[in-house]
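Visitor: I am new to this structure and would be grateful for a guided reading of it. May we proceed by question and answer?

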Amino acid sequence: MNLISLCQRKPLYGWIKALCAHTVLRRAAEDAHSALAHPHEALIYVYRGLEWLVLGMNLTWEEIAKEIGATPKDIRDLKKTANVDTGARHATKTGLKLRADPFNYGTWVIGLFEAINVAREKLEPGFKRMSGEEVGLAVARATPHIPFE
């Protein structure tokens with residue numbers, strides 16, 4: 001499936017309308033965009049994007065995990081990595097920072113997009129969420145550069 005057929009199947013207008021109508025979707029989408037634009041800070045934005053959905057939609061972290069195909073342990077590991085001694089979310093005494101890697105730049109960004117789809121489906125019952133393949137393709141096309149070869 002290419003980007004043109006994806007846009008024809010899921011009209012861009014519908015997403016623009018959804019982002020304008022639902023602040024929580026817009027905030028999470030802004031963080032997804034920032035994660036792609038700033039790969040060395042991706043984990044911060046992914047964490048905060050998911051947090052927007054958890055708090056704004058009254059979801060639990062366990063519900064998010066289930067919906068995006070992660071385990072509760074995966075979510076705990078994400079939260080720990082984002083918050084403890086990595087320089088991802090907080091400064092560290094060493095001055096070192098977590099840098100982009102396939103786990104936090106690719107997988108978790110796709111997870112955030114999956115969660116945004118889930119949230120839109122809950123907010124707009126007529127919306128049919130994109131498949132995991134479609135989300136992966138959209139994220140791959142939106143990535144401004146190839147971070148790993």
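Visitor: What percentage of the residues of the protein count as buried?
Guide: The model under discussion is predicted. The protein has 149 residues. A residue counts as buried when its relative accessible area is under 20%. The share of residues that count as buried is 38%.

Visitor: How many helices are there in the protein?
Guide: From the N terminus on, the elements run α-α-α-α-α-α-α-α. The number of strands is 0, and the number of helices is 8.

Visitor: In which helix is confidence highest?
Guide: Across the protein the mean pLDDT is 80, and 74% of the residues reach 70 or more. Confidence is lowest in helix H1 (residues 3–9), where the mean is 52. The highest mean is 94, and the helix that has it is H5.

Visitor: Which residues does Leu50 touch, not counting residues up to four places away in sequence?
Guide: In soluble globular proteins, nonpolar side chains tend to be buried together. Not counting residues up to four places away in sequence, Leu50 touches Trp61, Ile64, Leu78, Trp108, Leu112 and Ala115.

Visitor: What arc do the buried residues of H5 cover around the axis?
Guide: In H5, the residues Trp61, Ile64, Ala65 and Ile68 are buried. These residues lie on the same side of H5, because the arc they cover around the axis is only 100°.

Visitor: How far apart in space are Ile75 and Trp108, C-alpha to C-alpha?
Guide: Ile75 lies in helix H6 and is buried, with a relative accessible area of 2%. Leaving aside neighbours within four places in sequence, Ile75 is in contact with Trp61, Ala65 and Trp108. Ile75 and Trp108 are 33 residues apart in sequence, while their C-alpha atoms are separated in space by 10.0 Å.

Visitor: Is Arg120 buried or exposed?
Guide: Arg120 has its place in helix H7 (residues 102–123). Not counting residues up to four places away in sequence, Arg120 touches Gly14, Trp15, Ala18, Leu25 and Phe127. Because its relative accessible area is 7%, under the 20% cut-off, Arg120 is buried.

Visitor: How many residues apart in sequence are the parts that Arg129 and Glu67 tie together?
Guide: A search of the whole structure finds 6 salt bridges. One of them joins Arg129 and Glu67, whose closest N and O atoms are 3.1 Å apart. Arg129 lies in the loop between H7 and H8 and Glu67 in helix H5, so the parts tied together have a separation in sequence of 62 residues.

Visitor: In which helix do Asp77 and Lys73 both lie?
Guide: The side chains of Asp77 and Lys73 meet in a salt bridge, at 2.8 Å from N to O. Asp77 counts as partly exposed at 32% relative accessibility, and Lys73 is partly exposed at 48%. The two residues are 4 residues apart, about one turn of the helix, and the helix in which both lie is H6.

Conventions. Residues numbered from 1 in each chain as written. Heavy atoms only, no water. Buried < 20%, exposed > 50% of the residue type's maximum accessible area, 1.4 Å probe, protein only. Contact = heavy atoms within 4.5 Å. Salt bridge = Lys/Arg side-chain N within 4 Å of Asp/Glu carboxyl O. Arc of directions from axis to C-beta. pLDDT = per-residue confidence, 0-100.
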